Amino acid sequence: MDLASLIYLGVTFGLFVIFALIVIRTYSKKRKDTGEIAKFRMLDDD
Amino acid sequence: MEKVDYNYAIVRSFVTWSIIWGVVAVLVGVIVSLQMVDPDLNFPPYLTFGRLRPIHTNAGIYGWGVGSIFATFLFIVQRLCKVPLWSNGLAKFQLWFFNATIIASAVTLLLGYTTSKEYHEMEWPIDVMIVILWVAFAINIIMTILKRKDEQMYISLWYMMASLVGVAILFLVNSAAEPVSLFKSYSAYAGTNDANVHWWFGHNAVAMALTAPPLAMFYYFLPKSTGVPIYSHRLSIVAFWSLIFMYLWTGAHHLLWTPVPDWIQTLAMGFSVMLIAPSWGSVFNGYLSMNGQWHQMRENYLVKFLILGITFYGLQTLQGPMQAVRTFSAFIHYTDWVPAHIHMGTMGWVSMIAFGSIYYLTPRIYGKQLYSIPLANLHFWLILIGQLIWSISLWVAGVLQAGMWNAMNPDGSLTYTFMETMVEMYPYWWARAIGGVIYFIGVLVFIYNLVKTVGKGDEESSEQALAEGRA
Amino acid sequence: MWEKRPVIFLVLATAAILVGTIVTMVLPFAWVNTDADRIEGVKPYTALQQEGRDVYIREGCNNCHSQTVRPLVSDVLRYGEYSKSGEFVYDRPFLWGSKRTGPDLARLGGKYPDEWHYKHMESPRSMVPKTNMPDYGWLADNQLDPHMIQRKMEVLDFPFTADEIKGLNGKNEMDAMVAYMQKLGSDIPWRQATETTIVGDLVNPYPNVDHATMEPWEEIYAANCAACHGEHLEGVIGPELVGEAYDEETLFTLIYTGIQDGGMPSFASLGTDKVWKLVNFIKYYNQGENH
């Protein structure tokens, strides 16, 4: 593999990891309540 | 709970002006559709197809589209943050500068002052005005968010802020030009580079001006209209990051088979297909929010507009990636299929959401019940039928023309000359014009309904209106 | 983290937007319009051509006409050699367009004589019946402004001479437009390269046809030839065809390959069958038993 292919693979893998981290963080159990609180708060009488 | 002094006056003004520019956009659209079938309807130098078509598109995007974004965002940001607008003066400046910019755009385009770049035709002095306008808007929204009372930001605010940043970057880069005079400039980029920069702008203007903002509206007005929260806030977050990340790679799908380097085209094609996921993330989020609430499609006219709107978004984001694939693009690009696709997005998705949002706003900003729900339903059916006639007739036309362009004789020569394929379009262009007229009538019904609402004598409190709006 | 902090959120959102932007929009500048895709022979526009281009932009011609031929069989057969990046290095802005309500114009230069363009712009339907293109005869009423054009050439950094600018006096926007039309796609010698050579014997598939067979073929003539050679072959821009003395093989070759420097386009795209029908139609007409 040449350098360009390695960079290509590395960047793709890096992006995938970032995406995975966002999903894991968003759906982690300890954030279940805080992650969904906004959708209830927005319905409050304002 | 203390009463917050929300600024509704500015929302009322933006609703009014966005509708005025929307009428201009649709009316000019009908006129240019008739010019397509009868060239004698061109009146040079000012009223020719070549000069009017950019007025149609820009009045639609910047007058109606951005105008209604201003109206709804200025409302939503106050309500979600539970604080009044950061600066009422700045908002007022934004309103009048907005109208000045739109008028200046229309006049200069009629006079032939154009850069030729699609959806960015206005010459550099007006680009400067647009930048000032957007900065004024962005400051007011961001400052209001910064002083908000509710710490957690709801997803609508996310889309709004992404849109503020996105539009700014796109517009500034694509505006770069060397002026020759006050009304003539040459792009800072040449040829293939110019094409690549421009469609990076063109496609992402769709993302940042005509996708993120209507999504912000949808995520706000759907739960507010149904009274039940969206299905999953976390799903909307994952879809959000994916959407704003992936969109920027896809501009070159407008340039498939052109001299733009192949690898850019391939990336654009791949990312376009991947974009189905975050787009449908929002569609599913909308549909799943309706679990147990589908009866509201019958009973609540607001829901009808919003759910049909998100449905057209879903269809649009399936058809778009399909067109972004090289093989299909080779067949369909440059035909009437493409405007049919765009108009499902603008007339179906963006406008349906904007109409639904304005119906939701009207009782709240005027403190009066809507004049007539049957008329709102009539409006709904007219614009739905008008748009379907518009799009379906041109999809058929596009496939027909593409087939004729590619038809070959046994000896390897082309079966049809260009003109033989063009004359086949006339019946479909007529059908499109009729679809446009029906849509226009729908918009007039909408306006009549709003005028009657505002003119009504019986004042009632907005709380009451709110309660009934949900029923 | 970002859910509660708008400033951090704005920074992250901007970063997300910039990744694709940098890869697909910024990076290409390293390759495009460099020596990598430079084409010898591609020249900047002359003052007159550039002014024509600006009129093209002002009138929004790009709303209906594209200017890029794709490397696809039907595109190349219909319009000519596919477009190359190096051909557009002087195009500010690009004018590739996105819709072909009318035909692509990337290879228009040299296809028709100037006179065809003047007549077509003046009255499109006189040359192409049933077209929906608006009339642009009024362009001829607008005189050019040499001073302004010189300024444009300076901004674009295109070479020009004082005589060239002086020569613009008395010329109008129509002249500029036609000059621009004739420049389009002609910087590379693609016409010479794609010139058709007919090999083998030419055999007329319709010898000694009768009038009834012939009649529907008049439509082919009317659609493709009449604009230049007249409805009754009397000649307009192109020469009269009555009394035409060519034999059928020569006539076939002329129609099929065209006359490169004589303003006669090639009609190879019609296919051999239609060209033979035209040959027979013209020959038959000449025998006097007509209309």
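Tutor: Domain bounds come from an automatic or database domain assignment. Please also keep in mind that this is a predicted model.

Student: Which domains does the assignment give for chain B?

Tutor: The assignment divides chain B into two stretches of sequence. They are domain 1 (1–188) and domain 2 (196–471).

Student: What distance separates the centres of domain 1 and domain 2 of chain B?

Tutor: The centres are taken over C-alpha atoms, one for domain 1 of chain B and one for domain 2 of chain B. Between these two domains, 40 residues of domain 1 are in contact with 41 residues of domain 2. The distance between the two centres is 19 Å.

Student: Which helix of chain B gives the most to the side of domain 1 that touches domain 2?

Tutor: On that side of domain 1, at least two residues each come from α1 (9–37), α2 (49–81) and α5 (155–175) of chain B. The residues of this side divide into 25 nonpolar, 12 polar and 3 charged. The element that gives the most, with 14 residues, is α1(B).

Student: Turning to chain A, which element gives the most to the side that touches chain B?

Tutor: Here 14 residues of chain A are in contact with 15 residues of chain B. Two or more residues of the side of chain A that touches chain B come from each of α1 (3–27) and α2 (32–41) of chain A, and the residues of this side divide into 8 nonpolar, 2 polar and 4 charged. With 7 residues, the element that gives the most is α2(A).

Student: How many residues of chain C are in contact with chain B, and which element of chain C gives the most to that side?

Tutor: On the chain C side there are 70 residues, in contact with 71 residues of chain B. The elements that give two or more residues to this side include α1 (6–26), α6 (146–156) and α14 (272–286) of chain C, while the residues of the side divide into 35 nonpolar, 20 polar and 15 charged. With 13 residues, the element that gives the most is α1(C).

Student: What radius of gyration does chain C have, beside that of a compact globule of 291 residues?

Tutor: A compact globule of 291 residues would have a radius of gyration near 19 Å. Along its principal axes, the C-alpha trace of chain C spans about 90 × 50 × 35 Å, and 42% of the 291 residues count as buried. The radius of gyration of chain C is 24 Å.

Student: Why is helix α8 of chain C said to be largely enclosed by the rest of the structure?

Tutor: A residue is buried if 20 or more other C-beta atoms lie within 10 Å of its own. The buried residues of α8(C), among them C:M174, C:A176 and C:Y180, pack against α2 (47–58) and α4 (114–122) of chain C. Helix α8 (residues 173–183) of chain C is largely enclosed because the number of its 11 residues that are buried is 10.

Student: Which residue with a positive phi follows α8(C)?

Tutor: After α8(C) comes a residue whose phi is near 70°, a positive value. That residue is C:G185.

Key:
Residues are numbered from 1 along each chain as its sequence is written. Chains are lettered from A and ligands numbered from 1 in the order in which they are written. This is a predicted model: local features need pLDDT of at least 70, side-chain atom pairs count only at pLDDT 80 or more; totals for chains, interfaces and linings use all residues. Two residues are in contact if their C-beta atoms, placed from the backbone, lie within 7 Å. Helices (H or I, at least four residues) and strands (E, at least two) are DSSP runs, numbered from the N terminus. Ala, Val, Leu, Ile, Met, Phe, Trp, Tyr, Cys and Pro count as nonpolar, Asp, Glu, Lys and Arg as charged, and the others, Gly among them, as polar. A residue is buried if 20 or more other C-beta atoms lie within 10 Å of its own, exposed if 12 or fewer, and partly exposed in between; C-beta atoms are placed from the backbone. The radius of gyration is taken over C-alpha atoms; the globule rule is 2.2 Å times the number of residues to the power 0.38.
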